[in-house]
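Visitor: I've got the structure open next to the sequence. Can we walk through the packing and the sheets?

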Amino acid sequence: MAHDLVIKGGTLVDGTGAAARRADIGIDGDRITAVGEVDAGGAGQVIDAEGRHVTPGFVDLHSHLDAQIGWDPLMSSSCWHGVTSVVMGNCGMTFAPVRPGQAEVLAGLMESVEDIPASAILDGLSWDWETYGDYLDTIDPLPKGINAGGYVGDVALRAYVAGDASCEADFALSEDQLVQMAQLVEASMEAGAFGYSMSRSLTHRTPDGRSVPGTWSDPAEFLRIAEPLGRLGRGALECAPRYNEVDGSTSRVDEEMAWIAELSRATGRPFSFNLMQMRSMGDHYRRVLELADDANRNGAKLRPQTTPRSIGILFSLAANTLVDDLPSFAALKDRDLAGRLAGIRDPEIRARLEEEGASKAVEPFERMYLMVPSTGARYEYAPDESIARQAAARGVTPVAHYLQVLDETDGLAIANWPVLNEDFDAISELLASPVTIMGLADAGAHATQIMDASQPTFFLSHWVRDRGELTLEDAVRRLSSDTARFIGFRDRGEVRVGAYADLNVIALDGMALPLPEIVHDFPGGSPRFIQRATGIDHTIVNGVPFLEHGRHTGNLTGRLLRSTD
């Protein structure tokens, strides 16, 4: 039998956690049709995977590509890191349901919470839908490089049912509104949603500074709204939780975990929620893991969702810098990268910037680090690598050191300010827990602030290859079948006969991350960070080569995934 595509000679890591083995892969149409010794004779195409590992395509549980899917068929940066399927609609933030004339409200909420420019959202999407099913019907025919499915979000649901009043801290849904929201969730599930997501995070704010709808709601409301998932027997739950009180450091972990566990038990559905180490909260993550484990022994299905590296605010000379607030930088803000670089190289401007920056507090620079092109992106640092320590070693102020490194790197250095998961020992604990699940890549969100969509590349290169704390087999399982099964993506996340042919061919020793970079490819020219990778030689989506060494083949065979398929 001549196959459409054969991947020959690779070492298969099949996504189940089973031991790696030498195996060829035969593909016909969009499915895997042979695994083992496969004759490549007459094949339409052969990929030589000798010396490489073959894995399933990775499934990213936490993206905010709900808008970007409208104008970026590649859905970058996820695509460059072996991701072949993404889940949208996290943290309660979706664009449906939406009432006529309400587009600006949802776009403004998304900009405020997820740093996706509202202008790009409004210009880049047609906004010709009302229900969640209508939204899916709109994005279904759009060209896609990878697969995408999503949750229906509580924030949009509340805005649809109750309008602006839902943003008030003391607002409570009426009985009729609760019934309507539950009906909308059920209709969304019947249209193909993969579940229901919520936001409780104190950092999620409306453009005018109020908390987003649902933050202060009685958890009993979520029990009523999510009831259809239990009755239908499908769908997952997801939440950005509220672990702390308004002072930012007092824990309310036990209270938050209680309703999360109860909602999972009441519906019988799996529930994932964000979990990172936070400086202000001490070791709260250990209590969350303990309570999740206890709840799972008592009928819940909880999966705290974590990430394999720190989450940091990035600063680039091409967009946002560490000297934006200095008076002498104001004249440079409207310039492009070359113009800004010329400015900081001007002796007079440089002297003024250094003088103005000398009064900046040193303490924040103790937790900021510079990444330079010669070493690529690094996310684990020693204390003496901070901007403050490096400046002191040079005998200059942190601002003077920062400007000098920008000069030395032709403006390409990136400053990283880790704000979550700063402690890699804590990350190691989170990854070692059997209840955690991989996520929080936030692809599509925080356009000029954070770039975490590259986490699969970091996970495999850092924790598997460099530190050896995880086996390749287990790490791939966590990136593929574990996440696919949680969300309900059928026949994805494993390499086996009958599964969809979403695959990667990787060179583990060559996996690395270049620096994030600013591009202006959002509608209206809005800037965003992107980050590519090396070491992922081939990515195949639904049986067709999609990327080769990070370059698009021209094929767009991704699909909208629906829970009803």
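**Core and strands**

Guide: Start with Tyr196: beyond its neighbours within four places in sequence, Tyr196 is in contact with Tyr151, Val152, Asp154, Leu157, Val185, Phe222, Ile225, Ala226, Leu229, Ala236, Leu237 and Glu238. Bear in mind that this is a predicted model.

Visitor: Which residues have the most contacts inside the largest nonpolar core?

Guide: Tyr196, Phe271, Leu302 and Leu460. That core has 133 residues, and its largest share, seven residues, comes from α4. There is also a second, separate core of 24 residues, with Ile344, Ile349, Leu370 and Ala388 among them.

Visitor: OK, α4 then. How many of its residues are buried?

Guide: Nine of the nine, residues 154–162, so helix α4 is largely enclosed by the rest of the structure. The buried set includes Asp154 and Arg158 as well as Val155, Leu157 and Tyr160.

Visitor: What covers them?

Guide: The cover includes α1 (103–114), β11 (152–153), α5 (175–191), β12 and α6 (219–225). Just after α4, Gly163 takes a positive phi of about 65 degrees.

Visitor: Moving on to β13. Buried or exposed?

Guide: Strand β13, residues 236–240, is mostly covered, with five of its five residues buried.

Visitor: Which residues sit on which side?

Guide: Ala236, Glu238 and Ala240 are on one side, Leu237 and Cys239 on the other, and both faces are covered. In a regular strand, side chains alternate between the two faces of the sheet.

Visitor: And what does β13 pair with?

Guide: Strand β12 (residues 195–199) is joined to β13 by five bridges, running parallel, and Ser197 stands opposite Glu238. Three bridges join β13 to β14 (residues 271–274), also parallel, and there Cys239 stands opposite Phe273. Between β13 and β14 the chain passes through helix α8 (residues 253–267), in a right-handed β-α-β crossover.

Visitor: How many bridges between β4 and β5?

Guide: Five, and β4 (residues 24–28) runs antiparallel to β5. Ile25 stands opposite Val35 in β5, and Asp28 has Arg31 as its bridge partner.

Visitor: What's in the turn there?

Guide: β4 and β5 form a hairpin with two residues between them, and Gly29 in that turn has a positive phi of about 65 degrees.

Visitor: Last one, α14. Which of its residues are buried?

Guide: In helix α14 (residues 424–432) they are Phe424, Ala426, Ile427, Ser428, Leu430 and Leu431.

Visitor: What do they pack against?

Guide: The buried residues of α14 pack against helices α9 (284–296), α15 (455–466) and α16 (472–479), and against strands β15 (302–306) and β19 (437–438).

Visitor: And what happens at the start of α14?

Guide: A side-chain oxygen of Asp423 reaches to within 2.8 Å of the backbone nitrogen of Asp425.

How values were computed:
Residues are numbered from 1 along each chain as its sequence is written. This is a predicted model: local features need pLDDT of at least 70, side-chain atom pairs count only at pLDDT 80 or more; totals for chains, interfaces and linings use all residues. Side-chain values use heavy atoms; hydrogens and water are left out. Buried means under 20% relative accessible area, exposed over 50%, partly exposed in between (1.4 Å probe, protein chains only). Helices (H or I, at least four residues) and strands (E, at least two) are DSSP runs, numbered from the N terminus. Two strands pair if DSSP finds at least two bridges between them. A crossover is right-handed if, with the strands pointing away from the viewer, the path from the first strand over the helix to the second runs clockwise. Contact means heavy atoms within 4.5 Å. A polar contact is a pair of N or O atoms within 3.5 Å; within protein, one must be able to donate a hydrogen and the other to accept it, and residues adjacent in sequence count only if both atoms are side-chain atoms. A nonpolar core is a set of buried Ala, Val, Leu, Ile, Met, Phe, Trp, Tyr and Cys residues joined through side-chain atoms within 4.5 Å.
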